Amino acid sequence: MLVDSHCHLDLIDPSLDRVEALLAQAAAVGVGHFLCVSVSLGNAPVVRALAARYPQVSASVGVHPNQVGDDEPDVARLAGLAADPLIVAVGETGLDYHYGAEHITLQQARLRTHVRAAREVGKPLIVHMREATDDTLRILAEERAQEVGGVMHCFTEDWPTAQRALELGFHISFSGIVTFKTAEPIREAARRVPAERLLVETDAPYLAPVPHRGKQNQPAYVRQVADCVAGLRGVEPSLLDAQVSRNFFALFPLARKDQAGLRAASR
Ligand SMILES: [Zn+2]
Ligand SMILES: [Zn+2]
């Protein structure tokens, strides 16, 4: 079984017919679990409802660094939302100076809010980092993010940067970008990240991998990401599937709700 550790099902299409078709297409290529990630307080209830409806879907709560003009949570409010047992992680949060350079102060304050809320509820962080490496890693360290850990999602940097995130206790998740031949520094990182800290994702609807590049992305395409990473590391695809699934459920233990349900039913 393979897990898509980061997707936005509701941003592909919020209609349940379409979501169910996407989950079925993914299941047909062995993808059995999906972490659907919140980007705003506006879409958080939609994401949560998908996790309530489908045992194979997990949910997070958080406000994306590029989200502006939206409802802004403080630590107490965010921690209150994140304490929900259906919520497995806090994010996505982070810093993105590529698109959000004019909102740097807001982004940094918001990242601190997310780390504090995550520590309050003891849940891991989903971190988005783009053209903001030093500030992101500095703030994570200052706020003691290593107490909860988490994932650097859609990792697009080099091996030395991956090492710094690993030292902070974070996992590294690779997206379809790793399949682009021009992405050699990212591919080097994908070869060298320790097996037990590795995750894969689609970030659908964004960033479709080769050979779907340019089309709308969907969770089934995490198959191409995982097979690419397996090839780079010289391991059997089935072994990589099992490893990243183990890593996912170790990092996000509340995502095991399908099994928790089975346990409750067998009692
Ligand atoms: Zn992101
Ligand atoms: Zn995302």
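Here is a walk through this predicted model, from its metal site to its nonpolar cores and its salt bridges. Local features are reported where pLDDT is at least 70, side-chain atom pairs count only at pLDDT 80 or more, and totals for chains, interfaces and linings use all residues. Residues are numbered from 1 along each chain as its sequence is written, chains are lettered from A and ligands numbered from 1 in the order in which they are written, and side-chain values use heavy atoms, with hydrogens and water left out.

Let's start with the metals. The zinc ion (ligand 1) is held by E92 (OE), H128 (ND1) and H153 (NE2), at 2.0 to 2.1 Å. Donors here are N, O and S atoms within 2.8 Å of the metal (3.2 Å for Na, K and Ca), and since water is not among the atoms, sites may look incomplete. Read along the sequence, the donor residues of this zinc follow the spacing E-x35-H-x24-H. The zinc ion (ligand 2) sits 3.4 Å from the zinc ion (ligand 1), and E92 coordinates both. E92 belongs to strand β4 (residues 87-96) and H153 to the loop between β6 (150-152) and α7 (159-167), so the pair ties together parts 61 residues apart in sequence. Helices (H or I, at least four residues) and strands (E, at least two) are DSSP runs, numbered from the N terminus. Both E92 and H153 are buried, meaning under 20% relative accessible area, with exposed over 50% and partly exposed in between (1.4 Å probe, protein chains only).

Now for the nonpolar cores: sets of buried Ala, Val, Leu, Ile, Met, Phe, Trp, Tyr and Cys residues joined through side-chain atoms within 4.5 Å. The largest has 74 residues, and L125, L140, M152, F170, I172, F174 and V178 touch the most other members. Helix α9 (residues 222-233) gives the most to this core, with seven residues. A second, separate core of 13 residues includes A89, I126, F249 and L251.

Last come the salt bridges (a side-chain nitrogen of Lys or Arg within 4 Å of a carboxyl oxygen of Asp or Glu), of which the whole structure has 16. In one of them, D84 meets R48 at 2.4 Å, N to O. D84 lies in the loop between α4 (75-82) and β4, while R48 is in helix α3 (residues 44-53), so this pair links parts 36 residues apart in sequence. D84 counts as buried at 17% relative accessibility, whereas R48 is partly exposed at 33%. Within helix α9, D227 and R223 are four residues apart, about one turn, and their side chains form a salt bridge at 2.9 Å, N to O.
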